[in-house]
Amino acid sequence: MAKIWIRQAVLRALDDAMADDPSVIMMGEDIAAAGGPFKVTEGLLAAHGPKRVIDTPISEMAFMGAAVGAAVCGLKPVVEMMFIEFIGVALDQLTTQAATMRYLSRGRLTTPLVVRASAGAGQGFGCQHSQMLDHWFRGTPGLKVCVTSNARTTYGLLRSAIEDPDPVVVLEPRILYAEREEYEFDRTYRIPLGKAEIVKPGKDATLLACGAMVRVALEAAASSKADIEVIDMLTLWPWDRETVLESVSRTGRLVTLEEAPAGTGWGAEVVSTVAVEAFGSLKAPPHRITLPDAPVPYSGKLEARYLPNAAYVTEQVAALVSTNKAPTPWWRNAA
Amino acid sequence: MTISNSDSPLARREALHDRLEQLRRMIEIRSVEERIQKLFAEGHVRGSTHLANGQEAVSVGIARSIDPDDIVTCTYRGHGHALALGVTPAGVIGEICGRVVGCAGGLGGSMHLVEPAVGLMPTAAIIGAGLPIACGAALAARARGTDRVAVAIFGDGSANIGAFHESLNFAAIQKLPVVFVCENNLYGEYTRINLSTPVDDIAVRAASYNMPGAIVDGQDADKVAEAMAIAVARARRGEGPSLVEMKTYRYSGHSRSDPATYRPAGELDAWLKRDPINIFAERLTAEKLLEADGLDQLKAEVREAVEKATAEVLDSPAPELGEIMSHVGAHSAGGDRRHHFWAN
């Protein structure tokens, strides 16, 4: 099997989607002539032409909004936010305009658009270029949010997102772009939005993760004495209640591993649902491993501590499984 | 020509080619807004409303200059534009009263009027939101090989938000078929333009984007239509966007709760002397299209039609509770379908 860079899975998904559907267009900064700052759109301009692969001014509100207008008029725009933080100046167009179009027109107008963005910490980009920010979108009815975790899920989620009739945000952990992996492309491969995947079965605890944290979870599970079930959430909204509740009903323990500040992480909603609907199966309190409620630090030493690593996750899960009490996060006593 | 309440939005739009109907539509807009104020007092309207009385010539002048499959985005001061574009009085009044007969089925309210059949996107409650969306509609029109244009209608207040700059710049660099229409009614919410904007004419800003800018008497429906025709033709020819500024005035305050006491003495009276309905009625009289008592007759006729529409609205039920969840996404709409303009 061929080894590819994960960024090639992004490129391939976009290329195939544009070839398969002439209504797909792309807009973003430096995506066409320059091929994208992370090389995920390299060659698309040559393959599909300047009418479909459009370099925009540095005007996120303009091209995010143009995607809304184009979607309502029958195109399927895919916009690239170079860093997910850039959407802050354009949020209205996604969360207030795109997300309510179907509702306000009672289904007569829909906005099938995709916002894809590089996201996440770990590379020393500092606090304004390193967040996941999924919570900006999860709270908005009408939007879907998913997070890619490897070459296969990148291809499968992107193809599904582009085919979805509603607005979808796809967060691509930037730290994974330059990872190499064995993967054979299958043009028909899709991952249904709203479905999670059990990536490693286990019986002592359910460990939920998404994005770059899936690798950390798998590494932690591999080095744990306990038998950990690892689930890749894939879609954070709407999230897969069925798969999570079924898993917890077997393992009796739930741990979420979130690249998100504690106060806004996706695990809060998951834990609340599990506490209510699987209360009887729980042997231990659900536990959330999150980032501290602090901006992403720049210094390599601090960022390495800020992001959960496999050793820390192993230790936290082991404490939960052996005591059936939730361990204290490192940052609670760090201040 | 008499248009009845039962006519479709499309039929109402096509009827607008008739000069008398143009006058009638302006009277209808005024009359519907007056009725809405009364309905508010009677307890049938929730939240707020944003009236545009005094600006009727802009609405009708624009609507008669574009086709029903050209796309229009508009702000929350949109009752007049919706009616001019073709939404029925019952569709507008019904929406504002939250009834199923409303053009958004009662889900939107005064700020969110919509009618895909005549190109009207849901009007937006966010200042500037419609400008980038119009750029996208224009982009799609071109990508799909049509000569459709997009019209973004916004106020002078929107000329100071980032979306204005980003959209005009983007449209110009892409040569998009968009007409940016600024209704300059001198007030952004409660604040007079001289306190918020360092130029008197928004149109001068067109120069920064290398596009034509026009200053138009917004109280004269014919002048509005003339200026629109030039900008629309340019867009259709693929020569790019224009900025058209309509000088106009809103007789009321910003919203339901604003008595507009901040206006300088005499300003309103001066504008009332240039009422768009009177200006157009005088012109039709001169053109011998309107009899001596024709205006009064038309007003009485329209008032009666608006009363009928109001009765229809008040007879119409509130939406079913199931509507809350039915239009959130394809999953709740029970299908995987896309719906868009120009679907045929």
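Mentor: Let us begin with burial: a residue is buried if 20 or more other C-beta atoms lie within 10 Å of its own, exposed if 12 or fewer, and partly exposed in between, with C-beta atoms placed from the backbone. A:Ala178 has 12 C-beta neighbours inside 10 Å, so it counts as exposed. This is a predicted model, where local features need pLDDT of at least 70 and side-chain atom pairs count only at pLDDT 80 or more, while totals for chains, interfaces and linings use all residues. Residues are numbered from 1 along each chain as its sequence is written, and chains are lettered from A and ligands numbered from 1 in the order in which they are written.

Trainee: Where is A:Ala178 placed, and which residues does A:Ala178 touch?
Mentor: Helices (H or I, at least four residues) and strands (E, at least two) are DSSP runs, numbered from the N terminus. A:Ala178 sits in the loop between β7 (168-173) and β8 (180-182) of chain A. Contact is defined by C-beta atoms, placed from the backbone, that lie within 7 Å. Leaving aside residues up to four places away in sequence, A:Ala178 touches A:Trp5 and A:Arg7.

Trainee: Is A:Lys225 buried or exposed?
Mentor: A:Lys225 counts as exposed because it has 11 C-beta neighbours inside 10 Å. A:Lys225 belongs to the loop between α7 (213-222) and β11 (228-232) of chain A. Its C-alpha atom and that of A:Ala67, 158 residues apart along the chain, are separated by 49 Å.

Trainee: How should I read a helix, and which residues of α11 of chain B are buried?
Mentor: An α-helix has 3.6 residues a turn, so residues three or four places apart point the same way. In α11 (residues 276-286) of chain B, the buried residues are B:Pro276, B:Ile277, B:Phe280 and B:Ala281. Viewed down the axis of α11(B), they fall within an arc of 125 degrees (taken from the directions from the helix axis to the C-beta atoms), so they line one face of the helix. B:Glu282 and B:Ala286, on the other side of α11(B), are exposed. The cover over the buried residues of α11(B) includes α2 (19-41), α3 (56-63), α9 (221-236) and α12 (294-315) of chain B. After α11(B) comes B:Lys288, with a positive phi near 60 degrees.

Trainee: How many residues of chain B are in contact with chain A?
Mentor: 43 residues of chain B are in contact with 38 residues of chain A. On the side of chain B that touches chain A, two or more residues come from each of α6 (130-143), α7 (162-174) and α14 (330-333) of chain B. α6(B) gives the most, with ten residues.

Trainee: And which domains does chain A have?
Mentor: Domain bounds come from an automatic or database domain assignment, which here gives domain 1 (3-182) and domain 2 (197-324) of chain A. Their C-alpha centres lie 26 Å apart. 25 residues of domain 1 of chain A are in contact with 21 residues of domain 2 of chain A. β6(A) gives the most to the side of domain 1 of chain A that touches domain 2 of chain A, with four residues.

Trainee: What are the ipTM and pTM scores of the model?
Mentor: The model scores ipTM 0.93 and pTM 0.95.

Conventions: Contact = placed C-beta atoms within 7 Å.
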